[in-house]
Amino acid sequence: MQLVFKKLIKNEIKNHKAGLPSGIKIKINHITDPKIVNLLYEASKEGVRIELLVRGNCSLLTNIKGISENITIRAIIDRYLEHSRIFIFNNNNNPLYFMGSADWMPRNLYNRIEVVTPIFDENIKKELDMIVNYGLKDNVKACLVKGDDKYHKIEINNNELPFRSQEELYKYYKNRY
């Protein structure tokens, strides 16, 4: 599994270097694997935009000049304990979607049997996009993670409405079903 993730990240680097669309969006609980962290830094250095929703431990540091300027990390601690792991790779505007059980931690990547599956259904892809983008849009319960052992509250601009992702997802699913 770690080999597939590494290949997907390297593909985003290759695309960006070739002037093609690239980008990575991930919703996960933990990122602590040094190999993955270093590869994400490499992608950021090359200019790949990386947007992460990380609920728990994260070994990445953001805003390091020349290393992690293209990485943003948000954490959302709210009413519901979320366990989804969603992986979206731009792949030259032909996005590849995956979901599964694996966090990017050494124990999960190298010492356990974890499941990650590609998503092919267009409706499920749209739903995964919605879930991730709602989290990236959250300005009520989300905090920016900068690697300084602090959570930085997101300031709501005057022209911006408050957006609480879990509340909005709850309303969406309640109305849908």
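## Ground rules

The model is predicted, so a pLDDT of at least 70 is needed for local features and 80 or more for side-chain atom pairs, while totals for chains, interfaces and linings take in all residues. Numbering starts from 1 along each chain as its sequence is written, and side-chain values use heavy atoms, with hydrogens and water left out.

## The chain as a whole

Five helices and eight strands make up the secondary structure (DSSP runs numbered from the N terminus: H or I of at least four residues for helices, E of at least two for strands). Reading from the N terminus, the order is α-β-α-β-β-β-β-α-β-α-β-β-α. The radius of gyration is 16 Å, close to the 16 Å that the globule rule gives for 177 residues, so the chain is as compact as a globular protein of that length (taken over C-alpha atoms; the rule is 2.2 Å times the number of residues to the power 0.38).

As for burial, 43% of the 177 residues count as buried, meaning under 20% relative accessible area with a 1.4 Å probe, protein chains only.

## The sheet

The eight strands form an open sheet with mixed pairing, in the order E6-E5-E4-E1-E2-E3-E7-E8; strands pair if DSSP finds at least two bridges between them. At the edges sit E6 (116–119) and E8 (151–153), each pairing on one side only.

Strands E1 (residues 24–28) and E2 (residues 50–54) run parallel, joined by five bridges. Lys25 has Glu51 in E2 as its bridge partner.

Key. Buried means under 20% relative accessible area, exposed over 50%, partly exposed in between (1.4 Å probe, protein chains only).
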